[in-house]
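Subject: Structure handover

Hi,

Here is the structure I promised to pass on to you. Please have a look at it first, and then read on for my notes.

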Amino acid sequence: MPRLRIDVPLWLARERAARRVRFPALTRRLDVDVAVVGGGMTGAAVAWRFAEAGVRVALVEGRHIGRGSTAASTALLMQEPDEDFADLTQRYGRQRARRIWQLSREATHEFVETLTRLKIACDLERRDSVYYAMTAGDRQRLRAEHRMRVKAGMRALWLEGAALQRTVGCEAAAAIRTRGNAQVDPYKASVGLMRAAAAKGAKVFERSPVTAIRPSKRDVVLETARGAIRADRVVIATGYATPYFKPLDARFRMLTTYVIATRPLTIAERRGVGLDAVMSWDTDRPYHYARWTRDRRLILGGGDRPVRPERERTRAVREGTRAVQDHFCAMYPALADVPFEYGWEGLFATTPDGLPYIGPHRRYGRHLFALGYGGNGMTMGFLAARLLLDWYRGDRSADHDLFAFSRQAD
């Protein structure tokens, strides 16, 4: 199984100075209602959501809680799915595309409310997102996207000219500004949510790789080297199809994203860069994105590429992070004099339509899945937790069909 990230992300470098949160390994047999495999943000959200609802939950993570793909994230809590509204409308029709966007918006707002209500210290900051085009051709397509969003009842502010220049700090052609998004420290958020799940009664274990999953008509049993969990259902929240689910591989494309972070900038240096306190991303494919941290670091990422063979990934990190740096230094010349302190790579899975798979699969009895979140894993993982709890309770609706393995285009 490939490594979920390479090099130390900013979030884990910060955590080194503090006491690492640890959970025990599984060393006994447990009987629960639902077992969860995967200790990232989605697994934490599932464990918390089910435990809060009174469901007996046990979660197992093969390595360490929150230290895989979650720790490699830039943690943008975005309402916007990976695919434009126009693209989803073309594939699924306006009504279904609108509902997908509504669910994503609701999940973003609920996620922010949950982190706030639970008082999880994760550097949560509400931020608008700015989706910008750099060329005249991309501007034309972005204008059509904006009109479609507004016609569907979505709030979207069109930016151009001086207002756009003041916001993004570079010579962009046009942009859509969306209010109501947010950003967090992903490691702190995932560990905090996992602690909240444990406080509600969830049993959480790390350093406990699953060696076998044995479903039957009555139950499903997960085995580890030193313990086992018997449950009514198992939720696979690993982000992508692990080798145990090899038949699902063809549904996913594995990509790597590259991220760099500056040292904390002075106020004058930040002013010189020119980017406002927003989360920005462009219309390029693959796209690039930027955000500030609370201590005035600038985090830049993108340039996603198909995953390289394991032996080549370390070199690919150097190439990928350098490409990200070159891209943004061309946009923001002031960055040429700013040291970059961190560079890392993260692994994630995407699907043909940019939407995750959430729910059961006919091949795997007593399994529920939350896989393939693309670049919007924070929001989609939180949405998956709600949809899976509804499914488990028998409260199934057309919303589940939107993310089902069996979904079909119009």
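The accessible surface of the protein chain comes to about 17,400 Å², and 48% of that surface belongs to carbon and sulfur atoms. Accessible areas here come from the Shrake-Rupley method with a 1.4 Å probe, and for residues only the protein chains shown count as cover. Before going further, please keep in mind that this is a predicted model, in which local features need pLDDT of at least 70 and side-chain atom pairs count only at pLDDT 80 or more, while totals for chains, interfaces and linings use all residues. Residues are numbered from 1 along each chain as its sequence is written, and side-chain values use heavy atoms, with hydrogens and water left out.

Overall picture

The chain has 12 helices and 20 strands; both are DSSP runs numbered from the N terminus, with helices being H or I of at least four residues and strands being E of at least two. Its radius of gyration is 21 Å, close to the 22 Å that the globule rule gives for 410 residues, so the chain is as compact as a globular protein of that length. (That radius is taken over C-alpha atoms, and the rule is 2.2 Å times the number of residues to the power 0.38.) Along the principal axes, the C-alpha atoms fill a box of roughly 65 × 50 × 40 Å.

Of the 410 residues, 59% are buried, where buried means under 20% relative accessible area, exposed over 50% and partly exposed in between (1.4 Å probe, protein chains only). Taking contacts between residues at least 6 apart in sequence, 77% join residues at least 24 apart; a contact means heavy atoms within 4.5 Å.

Six strands form an open sheet in the order 9-4-3-13-20-19, with mixed pairing. Two strands count as paired if DSSP finds at least two bridges between them. The edges are strand 9 (203-205) and strand 19 (357-361), each of which pairs on one side only. From one strand to the next, the twist averages 15°; axes are lines fitted to C-alpha atoms, for helices over the stretch in contact, and angles run from 0 to 180 degrees between N-to-C directions.

Strand 19 pairs with strand 20 (residues 364-371) in the antiparallel sense over four bridges, and isoleucine 358 stands opposite alanine 370 of strand 20. Helix 2 (residues 41-52) packs on this sheet and touches strand 3 (34-37), strand 4 (57-60), strand 13 (233-239) and strand 20. The direction of helix 2 makes about 170° with that of strand 4.

Leucine 59 lies in strand 4 and is buried, with a relative accessible area of 0%. Leaving aside residues up to four places away in sequence, leucine 59 touches several residues, including Ala44, Ala47, Met194, Val204 and Phe205.

Which order do the strands take in the four-stranded open sheet? The order is 2-12-11-10, again with mixed pairing. Strand 2 (29-31) and strand 10 are the edge strands, each pairing on one side only.

Strand 2 and strand 12 (residues 228-231) are parallel partners over three bridges, with arginine 29 opposite alanine 228 of strand 12. Strand 10 (residues 210-215) and strand 11 (residues 220-224) pair in the antiparallel sense over five bridges. A hairpin of four residues joins strand 10 to strand 11, and arginine 214 has valine 221 of strand 11 as its bridge partner.

Alanine 231, in strand 12, is buried at a relative accessible area of 3%. Among the residues that alanine 231 touches are Val32, Asp33, Asp219 and Val220, not counting residues up to four places away in sequence.

Two more spots to look at

Strand 18 (residues 340-350) has eight of its 11 residues buried, so it is largely enclosed by the rest of the structure. Strand 14 (residues 253-262) pairs with strand 18 in the antiparallel sense over 10 bridges, and tyrosine 258 stands opposite glutamate 345 of strand 18.

Finally, threonine 379 is found in helix 11 (residues 377-393) and is buried, with a relative accessible area of 0%. Not counting residues up to four places away in sequence, threonine 379 touches Leu77, Met78, Ser104, Ala107 and Thr108. Its side chain makes a polar contact with the side chain of threonine 108 (3.3 Å). Such a contact is a pair of N or O atoms within 3.5 Å; within protein, one must be able to donate a hydrogen and the other to accept it, and residues adjacent in sequence count only if both atoms are side-chain atoms.

Best wishes
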